[in-house]
Amino acid sequence: MSAKIIHHTQAFIDTLGTGGAFLDRGLTNAEATQAQLLLQVDAVNYLYSACVSIGDSIQAIDRTLFTWATVKLYYSNFYLLRCLLALSGFALVYDGSKPRMITCKAGEGPVPLNGVKGTHKAVVSFFTRSFPNSPLLSQSIGGDQPFEWLMRHREEANYGSARFSDPQCPAHFSMIASNGVRRTLTSYVEDTTYLYTFDPDHAMLALPIEALKIAIAHPNLNLSANTGLDTQRFFKDIFADKAGSMPTMLHLLKV
């Protein structure tokens, strides 16, 4: 049986309450140091999940499984936002079913996220408030806030119809499918001007790729922890098509 995958920071915070209650005080210096170390482990795990989701979506687009690709790209962006928050010292933790955000510094305690339900909305809401100047929020997509645009397409894919539209290509993948995933992916990775990031014809894939680039460039990320030999082999499998591996993507991931 495989080991249970956990959020290490959550597991640690859960040990700090007294009498079965959730943590209701600020972290000590020692606790903050430990939480920061565990948060970096969580950040690498979120990054890995995002990479697998993007790779899975690439495979799905090539196989005209557009519904699955839409869902996986939405999730990849969610994992990347959690990664970016973790790299910046913020941990989303739960007091039972109640979301809390904690800054992993001495003296800081969990802060309620009032009016926010669900992990996804909690992450998006906190990231949007905490990093209003993030490049990922610098433009809208078709008049929508970028993360809301992704969420809307994901909800349409999951709940909009009893029957998936596959193999019919939705509008948000039409340009990508017609130009080919390999070619468009290379363009997104190499783009330095956000030419594609907020374009509705490209954003479904281009926005998560931009978030991935920002996470990989973050000074607090230990990318080598995400690129062991087994992971390298796996990434070479999923970031590939009939023509072989996708070197631009593998170079970005330092594989």
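The model is predicted: local features need pLDDT of at least 70, side-chain atom pairs count only at pLDDT 80 or more, and totals for chains, interfaces and linings use all residues. Residues are numbered from 1 along each chain as its sequence is written, and side-chain values use heavy atoms, with hydrogens and water left out.

On a 1 Å grid over the protein atoms alone, a cavity is a set of points where a 1.4 Å probe fits but cannot get out, and a lining residue has an atom within 4 Å of a point. Volume here is the space filled by probe spheres set on the points, which are joined across faces, edges and corners. The count comes to one cavity of 30 Å³ or more, and the largest cavity has a volume of about 80 Å³. Of the 14 residues that line it, Y46, R82, F90, A91 and L92 are the closest to its centre. Two or more lining residues come from each of α1 (8-14), α2 (29-62), α3 (66-87) and β1 (90-95); these are DSSP runs, helices being H or I of at least four residues and strands E of at least two, numbered from the N terminus. The largest share, four residues, comes from β1.

I turn now to an open space. A pocket is an open set with protein on both sides within 12 Å along at least five of seven lines. The second largest pocket holds about 200 Å³. Its lining has 13 residues, with T67, E156, A157, S165 and P170 nearest its centre. Here α3 and α5 (146-159) are the elements that give two or more residues.

Finally, the aromatic rings. Rings of Phe, Tyr and Trp (its six-membered ring) pair if their centres lie within 6.5 Å; planes under 30 degrees apart count as stacked, over 60 as edge-to-face and the rest as tilted. By this rule there are 13 aromatic pairs. Why is the pair of F78 and Y79 tilted? The ring centres of F78 and Y79 are 5.5 Å apart and the planes lie at 50°, so the pair is tilted. F78 is buried at 9% relative accessible area, while Y79, at 24%, is partly exposed; buried means under 20%, exposed over 50% and partly exposed in between, with a 1.4 Å probe and protein chains only. Y194 and F198 also form a tilted pair, 6.5 Å centre to centre with 55° between the planes. Y194 is partly exposed at 28%, and F198 is buried at 5%. Ring pairs also link F90, F126, F127, F131 and F147 into a cluster.
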